Amino acid sequence: MSKPAYLILENGRIFEGKYWGAIRDTFGEIVFSTAMTGYLETLTDNSYFGQIVLQTFPLIGNYGIIPPDFESLSPEAKPNGYIVKSWCEEPSNFRSEGNLDTFLENRGIPGIYGIDTREVAKIIRENGVMNAKITGDRDNIDFDEIKNYRTVDQIRKVSRGEIKEFKGAESRYRVVLLDFGLKESIKQRLLALGCDVWAAPYDTDAEKIKNMEPDGIVLSDGPGDPEENPGVINNLKEILDLNIPAFGICLGHQLLALANGFRTEKLKFGHRGANQPVKSLSGSTRPGVYITNQNHGYAVVNESIDKNIAELSFENVNDKTCEGIDYIDRPVTSVQFHPDDCLSPHGTGFIYHKFIGMMSGNRKNSKQGGNN
């Protein structure tokens, strides 16, 4: 029989449910995801480090546990807590290797089920993201402790510790992938496109990258407030001076903006889920509106973008926030969302091909310059 558990919001609201997964107290910034599928990717995504994730879709766990779909194998790649309306005790999928309750318990993730997740999501939408606590004891609550909870050094804690090489399908290009909390799908996409990938720690400096002689640099996604990483930002300024084609995704997009002197801001409740609409702006080779996968609580401030060196390439349809930047003065591009693998007219996989084209063009220019 499941033990009673309580979700305590910092604004004083208390919701009663039942424990599942690991039975222990936990703190975190509570955020919600509107995705109907992809719970395995969410639960193994470094970007949720330090947060309690609430799923608005009412039934989670239908297709069980499928390890090849994990975004990271790191023990740090997990949220602090997980909240659902109900979970599927008997999943049905030919790839399944177990149920979600056992998975959460084995990874030490405490969860609650049986609460009104839509009501909690409404509170977050109206009041903004806030801290929360999951506990089995509602009679001993310290709201100051909940409000003051914060995580620090998030990128350092989730990044890899050493450089590792991965051979691509064709070895056409060499790419340095800076790991700020890397999603496995980014690396796999680059490998499938014929790139040899050198996955490198978050603080790999410009000199070391230069010595690796890459055709391109990718800045990965990751957790936390981008402005809390001044060392990373200063390092990126030197990396950009190498004039090597660069592509930023999610946190990488934000860090690139800060390295160029732009500003970021915290969103009221962030963009999380697989149904976030973004619009490609004028001048794009692929105009239209795309439904994207996102997971972030911060955004680049549109008005801070220096139009002499960069231009907005995508914007969010709902709140008009920055979803992409093309840099005019150097071969650099970035997007706030996660480009998918779909190459249909409705997918955003073309953005990876844009980066491949930048590397190809830069290589041709280098050869021509060497012949003059």
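The residues that line the largest pocket of this predicted model divide into nine nonpolar, 13 polar and eight charged, where Ala, Val, Leu, Ile, Met, Phe, Trp, Tyr, Cys and Pro count as nonpolar, Asp, Glu, Lys and Arg as charged, and the others, Gly among them, as polar. A pocket is an open set of points, on a 1 Å grid over the protein atoms alone, where a 1.4 Å probe fits, with protein on both sides within 12 Å along at least five of seven lines, and its lining residues have an atom within 4 Å of a point. Local features need pLDDT of at least 70 and side-chain atom pairs pLDDT 80 or more, whereas totals for chains, interfaces and linings use all residues. Residues are numbered from 1 along each chain as its sequence is written, and side-chain values use heavy atoms, without hydrogens and water.

Of its 30 lining residues, E41, E71, K183, S185 and N293 lie nearest the centre. Two or more lining residues come from each of α1 (39–43), α6, β15 (264–280) and β16 (288–300), helices being DSSP runs of H or I with at least four residues and strands runs of E with at least two, numbered from the N terminus; β16 gives the most, with five.

The second largest pocket holds about 470 Å³, and E29, Q51, Q154, G224 and Y298 are the closest to its centre among 28 lining residues. Here, too, β16 provides the largest share, four residues.

Definitions and conventions. Grid points are joined across faces, edges and corners, and a volume is the space filled by probe spheres set on the points.
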